[in-house]
Amino acid sequence: MVWGLDWLTGSGSPSKPAANAPPRSNDGGYVAPDRNKREICYESRDLFFECLDRNNILDAIKDDEQARKVCSQEVMAYERDCARSWIKYFKEKRVMEWKRDQTIAKIQEDDAKMAAKAKQKRGGGWFS
């Protein structure tokens, strides 16, 4: 049964959240992780991403099966130490930042070629 959909199934008793779910506040929402928990999450994420780098895996969402195979210990720690929404966000951010860096490198390369071509047209110097 899905948490929060008890009314839909007609069940009289609500289902229990996962055992490793974060604690709930008085208003029913989840308590945000404190500085120490965030730091632990970041460390686990960094170790997981280092393992992905060693194994030439960029997209841990698309290549989830391979990532779990070669980085099993790191995946377990990452999923244990970070919120589910953070896990997905960091994986997507990793791919987006890689694409951004590739685009920037391409723009810089094209710009250098255009500058060299313009310099050659002018005869070598800026003031010639």
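The following legends describe close-up views of a predicted model.

**Figure 1. Overall arrangement of the predicted model.** The protein has five helices and zero strands. Read from the N terminus, its elements follow the order α-α-α-α-α. The protein comprises 128 residues, of which 19% count as buried. Among contacts between residues at least 6 apart in sequence, 43% join residues at least 24 apart.

**Figure 2. The disulfide between Cys-41 and Cys-82.** The sulfur atoms of Cys-41 and Cys-82 lie 1.9 Å apart, and the two residues form a disulfide. Cys-41 belongs to helix 2 (residues 35-54), whereas Cys-82 is found in the loop between helix 4 (72-81) and helix 5 (84-122), so the pair ties together parts that are 41 residues apart in sequence. The torsion about the S-S bond is about 110 degrees, and the disulfide is therefore right-handed. Cys-41 is buried, with a relative accessible area of 1%. Cys-82 also counts as buried, at 8% relative accessibility.

**Figure 3. The disulfide between Cys-51 and Cys-71.** Here the sulfur atoms of Cys-51 and Cys-71 are 2.0 Å apart and form a disulfide. Because the torsion about the S-S bond of Cys-51 and Cys-71 is about -95 degrees, the disulfide is left-handed. Cys-51 is buried, with a relative accessible area of 2%, and Cys-71 is buried with a value of 0%. When the bonded cysteines are counted along the chain, the disulfides of the protein follow the pattern 1-4, 2-3.

**Figure 4. Helix 5 and its buried residues.** Helix 5 contains 39 residues. From its first C-alpha to its last, helix 5 reaches 57 Å, close to the 57 Å expected at 1.5 Å a residue. Its buried residues are Ile-87, Phe-90, Lys-91, Arg-94 and Val-95. An α-helix has 3.6 residues a turn, so residues three or four places apart point the same way. The cover over the buried residues of helix 5 includes helix 2, helix 3 and helix 4. Helix 5 is followed by Gly-123, which has a positive phi near 95 degrees.

**Figure 5. The second largest pocket and its lining.** The second largest pocket has a volume of about 170 Å³. Its lining is formed by Arg-45, Phe-49, Asp-53, Leu-58, Phe-90, Lys-93, Arg-94, Glu-97, Trp-98 and Asp-101. Helix 5 provides the largest share of this lining, six residues. Helix 2 and helix 5 each supply at least two residues of the lining. By residue type, the lining divides into four nonpolar, no polar and six charged residues. Phe-90 and Arg-94 are among the lining residues, and both are also among the buried residues of helix 5.

Conventions:
Residues numbered from 1 in each chain as written. Predicted model: local features only at pLDDT ≥ 70, side-chain atom pairs only at ≥ 80, totals over all residues. Heavy atoms only, no water. Disulfide = S-S within 2.5 Å. Helix = DSSP H or I, 4+ residues; strand = E, 2+ residues; numbered from the N terminus. Buried < 20%, exposed > 50% of the residue type's maximum accessible area, 1.4 Å probe, protein only. Expected span 1.5 Å × (residues − 1). Contact = heavy atoms within 4.5 Å. 1 Å grid on protein atoms, 1.4 Å probe; cavity = no way out; pocket = protein on both sides within 12 Å on 5 of 7 lines; lining within 4 Å. Points joined across faces, edges and corners; volume = space filled by probe spheres on them. Nonpolar A, V, L, I, M, F, W, Y, C, P; charged D, E, K, R; others polar.
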